[in-house]
Amino acid sequence: MEKILHKERIDDWISALTGWEVLSPALEDGIWAYRPVSGAIRLDHPNTTQPPKGLAFPQREVFFSFEQIKGEAPRLTQILPDTVQRAVFGVRPCDGRGAVRMDRVFGDHVEDTYYQARRKNVAYVGLACNQPPSANCFCLSVGGSPVSTDGLDVLLTDLGDRYFVAAVTETGKALMTAANSLFDEPADADRQQLKSVHTEALAQPQRAVHNPDAVPAKLKASFKSPLWEELARACIGCGICTFLCPTCHCFDINDEVTGSAPLKGNRVRTWDNCQFPDFTMHTSGHNPRPTVGARLRQRVCHKFQYFPENFGMPQCTGCGRCISECPVGIDIVSVVNKVVEHAG
Amino acid sequence: MPDNIYLPELARITYIKEEVAGERSIKTFRVEPVNGDSFEHECGQCAMLSIFGRGEMMISIASSPLVKDYKQFSIMRVGRVSAAFHDLAVGDVVGIRGPYGNSFPVDDWRGKNLYFIGGGCGLAPIWPVITTAVAQRDSFKNITVFYGGRSPRDIMYKAELEKLRGVADVHLSVDKAEDGWDAYCGFVPANVMDKEPSSDNAIAITCGPPIMIKYVIQNLRSLGFADEQIYTTLENKMKCGLGKCGRCNVGKDYVCVKGPVYSWAELKELPEEY
């Protein structure tokens, strides 16, 4: 389904989405994040500081609560996610591709109860990147594109005074059908313009991982390279690279006690981070990844070697957030290029 | 798999035995499901045990899959959850979910000589294979168990090991000589070299401290064992058991899913990060 939507009608489209909570990029305290829409929306944002991954995989979620009277069996009450349907507007193609990767992690082998319950209620209305929204974009190096529809339900392309609106999934069609009368049929001129906008978008200069197809094998050969420690020396282990990554999925599970006699509390999942030393530290004190170099290597190799080995695609989607937001200037594109170059 | 993969079943502790006393004490626990049936497991698989309010820990299941009434775990007191476990009493209720990980290919080993080589609390993960093989004694040729502790007081499953004599060759060792100890004195890898097991139609299964495993494998190789004839198990910090929480990987493998059991042929293909 392909339609034209004049820009002044986008708020009417959102109003027509009854039964959906609609989110769009909002600037709060200097941080772009997806927030519930209130009032008119504008889709002229750069990429958001935070990817939309938290909608299916929140920073903190309670799995179940427990209550135990001393000497008796504990009582467990599972806490399942709400069933609100959420439509997220303005998602960049790299983040759509991020969702594809998260879906594999939380869907393959065994389905993650909580992720799946949230994910099935989330729809992504993407926005093509006519211009790279960040100086650190490199989606073309990781199999993506500024006009990719992977993981999106609808793709919008800005044609000046109107959007070209293309449904990608059945959910996307349903979102458009809900406001049928607002859309126009695309004319030949619209299609022509779409084509030229997409062609121009694909020709925009970006950062580049050199020879991306060779990267997994070169990284495998570089596991023992001294370069890892050198490249990671500045790392302060803050983990912002992983928290803002659209595909980082590591988490911790802990019990939070809220009361005693009877014992009360919650088992809670929170985001965790492979850049923290205790992430892998055994109880004995042994740590398989004891240095910043080993931890940088893990982040880079997970994205560019292990994930491709397991799922046939790089885990990185080239959004560039980890580069833009790193407080010490560690740059994943240049790290990959340097290690690969060093491997010969 | 249950509807909610993170919701543990409740299990009651029905048996506790102190195997090893002292600072790094080891206790054996048996648990039985509170609400009817529990999950089935295979040799080498693990389970996530919970104490509500303290958290979860991944422990290998030390009982044979042939034992249906209970699951056994031998746990060293090291961290927050294991210490809390050591303070429990018979009748207390804990959480359990699983089983996790792959298993020893015991069925492929029928008709072979089996060598088990354990050190410290590393006897527990291979104990289900030992007891399964002994229960199906006619299916296997010679069964030999090498096991060592730091001192005679660090030997776990003492009575059970004595009971194995007769159906299996048992070679115990302690690291340092001590009055009253008449078996081998020295490290486990040296005890293996001393007894010179034959690699002919044999499988060696080893588990213990990393340094022991390293030298056991080295010695087995020098005795003529091929990489495919040597099996071991890995351990890593784990939170989910399902290949999602991201911390137990060695290279592309999440140990909780693709491991913990590896042949040396498989393990040496992974990066040395364990």
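Helices (H or I, at least four residues) and strands (E, at least two) are DSSP runs numbered from the N terminus, and the expected span of a helix is 1.5 Å times one less than its number of residues. This is a predicted model, in which local features need pLDDT of at least 70, side-chain atom pairs count only at pLDDT 80 or more, and totals for chains, interfaces and linings use all residues. Residues are numbered from 1 along each chain as its sequence is written, and chains are lettered from A and ligands numbered from 1 in the order in which they are written.

Because 15 of its 20 residues are buried, α9(A) is largely enclosed by the rest of the structure (buried: 20 or more other C-beta atoms within 10 Å of a residue's own, with C-beta atoms placed from the backbone). A:Gly312, with a positive phi near 75°, follows α9(A).

| Domain of chain B | Residues |
|---|---|
| domain 1 | 9-100 |
| domain 2 | 106-233 |

Their contact takes 15 residues from domain 1 of chain B and 15 residues from domain 2 of chain B (contact: C-beta atoms, placed from the backbone, within 7 Å). On the domain 1 side, β1 (9-20) and β5 (71-76) of chain B each give two or more residues.

Key: Domains from an automatic or database assignment. Contact = placed C-beta atoms within 7 Å. Buried ≥ 20, exposed ≤ 12 C-beta atoms within 10 Å, placed from the backbone.
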